[in-house]
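Open the structure in your viewer and keep the selection tool ready. This tour goes stop by stop.

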Amino acid sequence: KSPPAPPSPTLDFAFQMINVPTKRHQNRTLNLFVKVRYGSDPKAFLSKDYETAARSFVQKTLQPTADLGANAEWELVNTALCQGIWKMWSTTISDLSIQLQVNAGKND
């Protein structure tokens, strides 16, 4: 009996956005760390202008909206970020993780 085949390597890509200004929770700034894992065909993902699109989407989503007001919980904001990016690339990525860090405010 032959040994099992080794697992296929995974390809991850990550980028960060530091001190991103928002109008949420008294104008807090955020640090975001976005990590995606390519699906079975990384070339399909690489052909897109993924980072520019993600940064634009993040900037837009971090601002208050009718659905997510200025005092919406950060967990809900992060969920909206994940859902939006997943929707953009669900056919080309297999995993997504966004770490959102809320920076201390002036009164903290």
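Contact here means heavy atoms within 4.5 Å. This is a predicted model, in which local features need pLDDT of at least 70 and side-chain atom pairs count only at pLDDT 80 or more, while totals for chains, interfaces and linings use all residues. Residues are numbered from 1 along each chain as its sequence is written, and side-chain values use heavy atoms, leaving out hydrogens and water.

**Whole chain.** Color by secondary structure. You will find three helices and three strands. Helices (H or I, at least four residues) and strands (E, at least two) are DSSP runs, numbered from the N terminus. Follow the chain from that end: the order is β-β-α-α-α-β.

**Surface.** Show the accessible surface. It comes to about 7,200 Å², with 52% belonging to carbon and sulfur atoms. The areas come from the Shrake-Rupley method with a 1.4 Å probe; for residues, only the protein chains shown count as cover. Of the 108 residues, 32% are buried. Buried means under 20% relative accessible area, exposed over 50%, and partly exposed in between (1.4 Å probe, protein chains only).

**Helix α3.** Select residues 74-89. How far apart are the end C-alpha atoms of α3? They are 23 Å apart, which agrees with the 22 Å that 16 residues should span at 1.5 Å a residue. The expected span is 1.5 Å times one less than the number of residues. Next, pick out the buried residues of α3: Trp74, Val77, Asn78, Ala80, Leu81, Gly84, Ile85 and Trp89. Look down the axis: these buried residues fall within an arc of 155°, so they line one face of the helix. The arc is that of the directions from the helix axis to the C-beta atoms. On the face turned away, select Glu75, Gln83 and Lys87, which are exposed.

**The core.** Select Leu32, Val58, Leu62 and Leu81. They have the most contacts inside the largest nonpolar core, a set of 24 residues. Such a core is a set of buried Ala, Val, Leu, Ile, Met, Phe, Trp, Tyr and Cys residues joined through side-chain atoms within 4.5 Å. At least two residues each come from β1 (12-21), β2 (29-38), α2 (50-61), α3 and β3 (93-102). The largest share, six residues, is from α3. Zoom in on Val58. Leaving aside residues up to four places away in sequence, Val58 touches Met17, Leu32, Leu81 and Ile85.

**Last stop.** Select Gly105, in the segment after β3. Gly105 counts as partly exposed, at 22% relative accessibility.
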